[in-house]
Amino acid sequence: MSDRTEFRFSGSGGQGLILAGIILADAAAIYENKNAVQTQSYGPEARGGSSKSEVIVSDSPIEYPKATKVDYMVALTQEAFNKYINDIKDDGIVIADKELVTDFSNAKGKLYIIDMVKSAREELGKLLGLNIIALGILVEISGIVSHESIEQALMKRVPKGFEDYNKKALEIGFKLAKEIKNNK
Amino acid sequence: MTKNIKLMQGNEAIAEGAVIAGCDFFAGYPITPSSEVMEVLSNKLPKIGKAFIQMEDEIAALGAVLGAALGGAKAITASSGPGMSLKQEHIGYASMCEIPCVIVNVMRGGPSTGLPTLPAQGDVMQAKWGTHGDHAIIAITPSSVNESLYETIRAFNLAIKYRTPVLILTDEIIGHMRERVVVPDKNDVDIIDVKLPDVPPEKYNPYNYTSGKVTPLAPMGEGYRYHVTGLIHGETGFPSQRTDVIQNAQNWLMDKIYKNIKDIEKFEEFQTEDAEILIVAYGSTSRSTRQAIMMARSAGIKAGMFRPITIWPFPEEQISNLSKRIRKILVPEMNMGQIIFEVQRNACGSQVYGLNIVNGEPIAPDQIYTKIKEIAGL
């Protein structure tokens, strides 16, 4: 049980966070042959409302599939930050977007405020792909799977014609995470 | 054989299992959290020459499935919450007319619209008693994505073999979670196919209440002409009010399931050999239970689990036997207490405790462990 690593992508419905979780679980389970489980939680709305996608990675079989002691979390809305921050481990890492989350009074764990939206706007030209930037950050900072595995898993789920765009988003994530690591 | 390993959702695994089982037909009406079963089959079935249809509502969906099954198709539908309430009348019709079909219920919070996106285990008694009148039912509660696939294949087999509706009673957690699955080849699993009767049409009776054997359901259009009605009927299929026919028909609906319970039952025991506390858990709750048992064991508490995989008919004999030597039994459920009464009924005077958490979240291992400690007197 202790070798569980728990990831949580949180934000609002429509941001693609469930997909980000699926890609991470796919990379771990299929490309690296680890035990991985992905779950999701969202409200009855088609868009909006808080949503989270969780991935547990472990060397032993995973029984309880939900995160309870979160090692890595991304928050892409203030509501999600407030709602889902509680079960972050004391030394867990929380990545919040600088524009989308502004009130950090509930903060727990080690907080990093990253300008993901700005990077997306400047380097991708639009906000589509914010989920993949977040995915890149968590992969790089945790080292849970290799760059190669996550890229393979990503390419499997990306619509035709958007391969390069998504690869670029992933690399932006890697780069932002490296900056965090250097500033640690 | 190269292994076909995929990351998939429980609902996708059900669809995958249906295709492997030789499913010919799906009819349904989308409803969270079961919709992915339908979505995946809408894509897969037409590509292999099989039929998929979205019906105008839940009732019609099961009606279409029963029609297809009478035509010899292996047929399935999937639903949740209020959709399952609507399906009850046709479940009774399937029982009465002995029409094989598989019905997936991905349980969500209720009653009414309840919690469309959140898990519960509140439909366990509905699965058994949802439709009116005495009848037996088979219901299966998978606890992983992998099991969802294999148990779907088994559900089709049981449906054909016993000419009965079979319910796959999963929940939002198992239905929506993604895990690694080894997808088997059709040739590596046992599949029971629809058979023609072994008598010519003029000698065929669609029902047989006394031989103890299930008569094959002759597909409509193969030259076998018979009557199908929800009225109590004799062995020819025509309605009857003769007391002996009525009693035979009623007995048969129960007997064909309960007298074959050894073939239908399926369960898992986990660390029960030396257990002093037994936990009876099914579906996603059994996953938390397994983790709680490991926590208890490392604290020196001898706990074990009995996990029904076939939940209906209920494994009465196993509970009765286990309770002779394990005198404390805990039944955690994501409902206000349903299977606990089945356990109590068979528990030979053992102390039976419930842990009933119905708040939209799965029951966590910690919550079960805390209860185990309380029962152990720690």
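1. Conventions. Residues are numbered from 1 along each chain as its sequence is written, and chains are lettered from A and ligands numbered from 1 in the order in which they are written. Because the model is predicted, local features need pLDDT of at least 70 and side-chain atom pairs count only at pLDDT 80 or more, while totals for chains, interfaces and linings use all residues.

2. Contact between the chains. Chain A places 18 residues in contact with 18 residues of chain B; two residues are in contact if their C-beta atoms, placed from the backbone, lie within 7 Å. On the chain A side, helix H1 (17-31) and strand E2 (35-42) each give two or more residues. Helices (H or I, at least four residues) and strands (E, at least two) are DSSP runs, numbered from the N terminus. This side of chain A has 10 nonpolar, 5 polar and 3 charged residues. Here Ala, Val, Leu, Ile, Met, Phe, Trp, Tyr, Cys and Pro count as nonpolar, Asp, Glu, Lys and Arg as charged, and the others, Gly among them, as polar.

3. Helices H3 and H4 of chain A. The axes of H3 (residues 116-124) and H4 (residues 130-142) come within 10 Å and cross at roughly 120°. Axes are lines fitted to C-alpha atoms, for helices over the stretch in contact, and angles run from 0 to 180 degrees between N-to-C directions. H3(A) and H4(A) are therefore oblique to each other (under 35 degrees counts as roughly parallel, over 145 as roughly antiparallel, 65 to 115 as roughly perpendicular and the rest as oblique). Met116(A), Val117(A), Ser119(A) and Ala120(A) of H3(A) meet Leu130(A), Ile133(A) and Ala134(A) of H4(A). These contact residues comprise 6 nonpolar, 1 polar and no charged.

4. Helices H5 and H6 of chain A. The axes of H5 (residues 147-157) and H6 (residues 163-183) come within 10 Å and cross at roughly 145°. Among the residues in this contact are Leu154(A) of H5(A) and Phe174(A) of H6(A). By class, the contact has 5 nonpolar, 2 polar and 3 charged residues.

5. Domains of chain B. Domain 1 (4-188) and domain 2 (267-376) are given by the domain assignment, whose bounds come from an automatic or database source. Their centres, taken over C-alpha atoms, are separated by 26 Å. In chain B, 24 residues of domain 1 are in contact with 21 residues of domain 2. H5(B) supplies the largest share of the domain 1 side, 4 residues.
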